[in-house]
Amino acid sequence: MKNPMNYIVILLLLLIPLVSISCGGSYAPLPTVNYVDANRYLGKWYEIARLPNKFQSQCEQSIAEYSLLDSETIRVVNRCRQIDTAKSDEAQGKAFIVPNTGNAKLKVQFFWPFKGDYWIIALDTLNYQYSMVGEPGRKYLWILSRNPKLEPEIFSMLKKQATEQGFDVTKLIVTNSGSDG
């Protein structure tokens, strides 16, 4: 394929299913928190629970670390332990703050040119000790905490909120860092 137009056509054919999948579903708009202080959100977050996804299918004890690159870009480093081998795995990416969203909506990118939605839909706005992240199609959901464990009542509250927002929490995977709830 020496003709560059062939590459463009192939790329477009690959992107069409992704666009149709991301636009599918008949969900109500997904509300986010009103405002996120990006500087307070930075740092280490432990994954407490997640909906199943292909890119974490072999992960346990997942941790996300966020650091500021510039006023609109955040460095993302996700680490986990591989279930089968117990080896550490790491993925590095960037998150871009979506303008005029109170910093509650980001676009994350691990592989150029693809970006995914990272919407903060629940947050301990007082102490920034827990967070829940999802996306409008309700396919992805993460419950995060600053500590490896999350109080059962907070975990229950977040699951209830996720259910009310259209997420299927019966499929939640509680990770090894886990919750007592």
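Trainee: In which loop is Asn-103 found?
Mentor: Good place to start, and keep in mind that this is a predicted model, where local features need pLDDT of at least 70, side-chain atom pairs count only at pLDDT 80 or more, and totals for chains, interfaces and linings use all residues. Residues are numbered from 1 along each chain as its sequence is written, and side-chain values use heavy atoms, with hydrogens and water left out. Strands are DSSP runs of E with at least two residues, helices are runs of H or I with at least four, and both are numbered from the N terminus. Asn-103 sits in the loop between strand S4 (88–97) and S5.

Trainee: What is the phi of Asn-103?
Mentor: Most residues other than glycine have a negative phi. Asn-103 is not a glycine, yet its phi is positive, at about 65°.

Trainee: Is Asn-103 buried or exposed, or partly exposed?
Mentor: Buried means under 20% relative accessible area, exposed means over 50%, and partly exposed is in between (1.4 Å probe, protein chains only). Asn-103 has a relative accessible area of 22%, so the label is partly exposed.

Trainee: Is Arg-138 buried or exposed?
Mentor: Arg-138 also has a positive phi of about 65° although it is not a glycine. Its place is the loop between strand S7 (130–134) and strand S8 (141–145). With a relative accessible area of 8%, Arg-138 is therefore buried.

Trainee: Which residues does the cis peptide bond join?
Mentor: Most peptide bonds are trans. Here omega is about 5°. The cis bond joins Trp-112 and Pro-113.

Trainee: Which residues form the nonpolar patch on the surface?
Mentor: Patch residues have over 30% relative accessible area and no salt bridge; like charges are joined within 9 Å and nonpolar side chains (Val, Leu, Ile, Met, Phe, Trp, Tyr) within 5 Å. A salt bridge is a side-chain nitrogen of Lys or Arg within 4 Å of a carboxyl oxygen of Asp or Glu. Areas come from the Shrake-Rupley method with a 1.4 Å probe, and for residues only the protein chains shown count as cover. Together exposing about 320 Å², the members are Phe-110, Phe-111 and Phe-114.

Trainee: What is the relative accessible area of Phe-114?
Mentor: Phe-114 lies in strand S6. It is partly exposed, at 39%.

Trainee: How many of the residues of the chain count as buried?
Mentor: The chain has three helices and nine strands. Of its 181 residues, the share that counts as buried is 38%.
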